[in-house]
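Subject: Structure handover

Hello,

Here is the structure I promised you. Please open it next to this email and follow along.

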Amino acid sequence: MAATDATRAADEAYDVIVLGAGPTGENVADRAHAAGLSAVVVESELVGGECSYWACMPSKALLRPVAARAEGRRVPGLKDAADVPLDVPAVLAHRDAFTSYWKDDGQVRWLDSSGIDLVRGHGRLAGPRRVVVDGGRVLTARHAVAVCTGSRAVLPPVPGLAEARPWTSREATSAKAAPGRLVVVGGGVVGVEMATAWRALGSSVTLLVRGDGLLPRMEPFAGHLVAESLAEAGVFLRTGVEVREVRREAPGGPVTVRLDSDDEIVADELLIATGRAPRTEDIGLDTVGLTAGSWLDVDDSLRVTGVTGGWLYGVGDVNHRALLTHQGKYQARIAGAAISARARGVPILESDRWGAHAATADHLAVPQVVFTDPEAASVGLTAAAAERAGYRTRVIDQDLGAVAGASLYADGYRGRARMVVDLDREVLLGVTFVGSGIAELLHSATVAVAGEVPLERLWHAVPSYPTISEVWLRLLEAYRG
Ligand SMILES: Cc1cc2nc3c(=O)[nH]c(=O)nc-3n(C[C@H](O)[C@H](O)[C@H](O)COP(=O)(O)OP(=O)(O)OC[C@H]3O[C@@H](n4cnc5c(N)ncnc54)[C@H](O)[C@@H]3O)c2cc1C
Ligand SMILES: NC(=O)c1ccc[n+]([C@@H]2O[C@H](COP(=O)([O-])OP(=O)(O)OC[C@H]3O[C@@H](n4cnc5c(N)ncnc54)[C@H](O)[C@@H]3O)[C@@H](O)[C@H]2O)c1
């Protein structure tokens, strides 16, 4: 029997509506559902979002063989065997498998098995607590709507650029073959990771950076070490340059990039990796008093400020707090807890620093690993950021190559570590590691920074011998004198 309008309307009411099924949206829905609330997710493309299909997963699948080969080349006995070109079809096939061939059946099954409803289509807010999908189906939320629509690559307003149809992160992570000549614009994370991957896959790569170094949000030595190694891998790095104009005479033909110096570079592909914009231009923000196309300002429980009634949340990339999958998922856990507490009528939330309903780590302890060779990883504040924030600090640096575990790990190990100490509390504000195999070391630093572990107690956390982790001992010895 066909549902009447009345029963249909009742069917379409949920406790929580989530807009966007990326890693963040999936986790908000999961947390809400685990707390006994009904949840629906609206998704216009693939369940799993950018991370699964055009970002984290495919990029790391491309980069893992690059790192493994680089490490093999530095291990006696393995050097010659590892010093070979990558098997490009095998690497690309591995990447394709990691994106599930751009199909989301597995993630849809997970939603189903979790008891979360999925509505496919483009969702737009239509006033408080209402979402309209593809201009038809109307969903209403009893407690909350969480906007988790993520971000997209921005193209700077360079004449001819849009018409030249450059690669963005989507094409750079999903391309079916290595271009002969690739120009990459932007020395941030996407720029350096993709320059690393495509160089190793056989492209001649030119990396154009308008600043004076790479990875400007990290400690300067991270960018220096990565630049040194990219140059050794054969990447042409040009710093202090601006792109003035781009021309592509024929679709699929060569592209010419003119710089502010009037130099021209001709390439087969151009990757623009100059940052992100929020996917909020067409989600009905104007219907709730917000500006279309803006990042969402949120409080520490991820609730959007400037909207009355407290029902709208903005979680993940869309709030611009930390554009990382793990941080979006962390925010989702906090938002899910806050939504369910408010739904239960809990009078006062745990919104104090490090409370259950406050995403404090977004301000103080965001970890990030850049999967270049060497890897660069950091958590918390850089020395410069700590100084700007007014802390009284001491900076301790350590040559990672001098650690026994590192020299065993690879011949001629190159790397560096830094800890930034808050002298008033004697806890760590930030830690950075650069070197092979340090990605897995980062969590120790995250625990120390988020835990605000006193340095005198860290002294009793004994790293195993001979591991790269002994860098902790060297850093603490240098601090204690
Ligand atoms: C090349 C690259 C590599 C990266 N590598 C890493 C990494 O190694 N580690 C890491 O932590 N982070 C990495 N990131 C960042 C990471 O991808 C993002 O931080 C993460 O995807 C954000 O998750 P999200 O759920 O907030 O948004 P997204 O993953 O962007 O998901 C948003 C979802 O919302 C959907 N949507 C948008 N608008 C609507 C609408 N109106 N209606 C319905 N659905 C909608 C979209 O289709 C999408 O599925 C990388 C990013 C890039 C570009
Ligand atoms: N391994 C990881 O964790 C990982 C990997 C890739 C991306 N990400 C996330 O995705 C987000 C996007 O990465 P991204 O590299 O696109 O952004 P980004 O903000 O990290 O870097 C963009 C770079 O482009 C430069 N730039 C901006 N406008 C420019 C212009 N007109 N001309 C030349 N250069 C210009 C900026 O100065 C900056 O250095 C980041 O926030 C990052 O955290 C994470």
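How many Å separate the centres of domain 1 and domain 3, taken over C-alpha atoms? The answer is 35 Å. The domain assignment gives domain 1 as 11-48 + 104-152 + 278-361, domain 2 as 162-274 and domain 3 as 374-480. Such bounds come from an automatic or database domain assignment.

First, the ground rules. This is a predicted model, where local features need pLDDT of at least 70, side-chain atom pairs count only at pLDDT 80 or more, and totals for chains, interfaces and linings use all residues. Residues are numbered from 1 along each chain as its sequence is written, chains are lettered from A and ligands numbered from 1 in the order in which they are written, and side-chain values use heavy atoms, with hydrogens and water left out.

Now the sheets. Strands here are DSSP runs of E with at least two residues, and helices are runs of H or I with at least four, both numbered from the N terminus. Two strands pair if DSSP finds at least two bridges between them. In general, strands of a sheet pair through backbone hydrogen bonds, either parallel or antiparallel.

One open sheet has four strands in the order β10-β9-β8-β14, with parallel pairing. Its edge strands are β10 (236-238) and β14 (269-272), each pairing on one side only. Neighbouring strands are turned by 15 degrees against each other on average, direction ignored. Axes are lines fitted to C-alpha atoms, for helices over the stretch in contact, and angles run from 0 to 180 degrees between N-to-C directions. Three bridges join β9 to β10. L207 stands opposite L237 in β10. Helix α9 lies across β8 (181-185), β9 and β14, and runs at about 165 degrees to β9.

Look at T206 in β9 (204-208). T206 is buried, at 11% relative accessible area. Buried means under 20%, exposed over 50%, and partly exposed in between, with a 1.4 Å probe and protein chains only. Leaving aside neighbours within four places in sequence, T206 is in contact with L182, V183, V184, F236 and I265. Contact means heavy atoms within 4.5 Å. T206 and V235 are 29 residues apart in sequence, yet 5.8 Å apart in space, C-alpha to C-alpha.

The other open sheet to look at has three strands, ordered β11-β12-β13 and paired antiparallel. Here β11 (243-248) and β13 (264-267) are the edge strands. Five bridges join β11 to β12 (255-259). One bridge partner is L259 in β12, for V243.

Next, helix α6 (88-98). Which residues of α6 are buried? They are V91, L92, R95 and D96. What covers them includes α4 (56-73), α8 (169-174) and α9 (189-200). Just after α6, S100 takes a positive phi of about 50 degrees.

Last, the cysteines. How many disulfides are there? The count is zero, where a disulfide is a pair of cysteine sulfur atoms within 2.5 Å. For C148, the nearest cysteine sulfur is that of C51, 14 Å away. C148 is buried, at 7% relative accessible area, whereas C56 is partly exposed at 23%.

Best wishes
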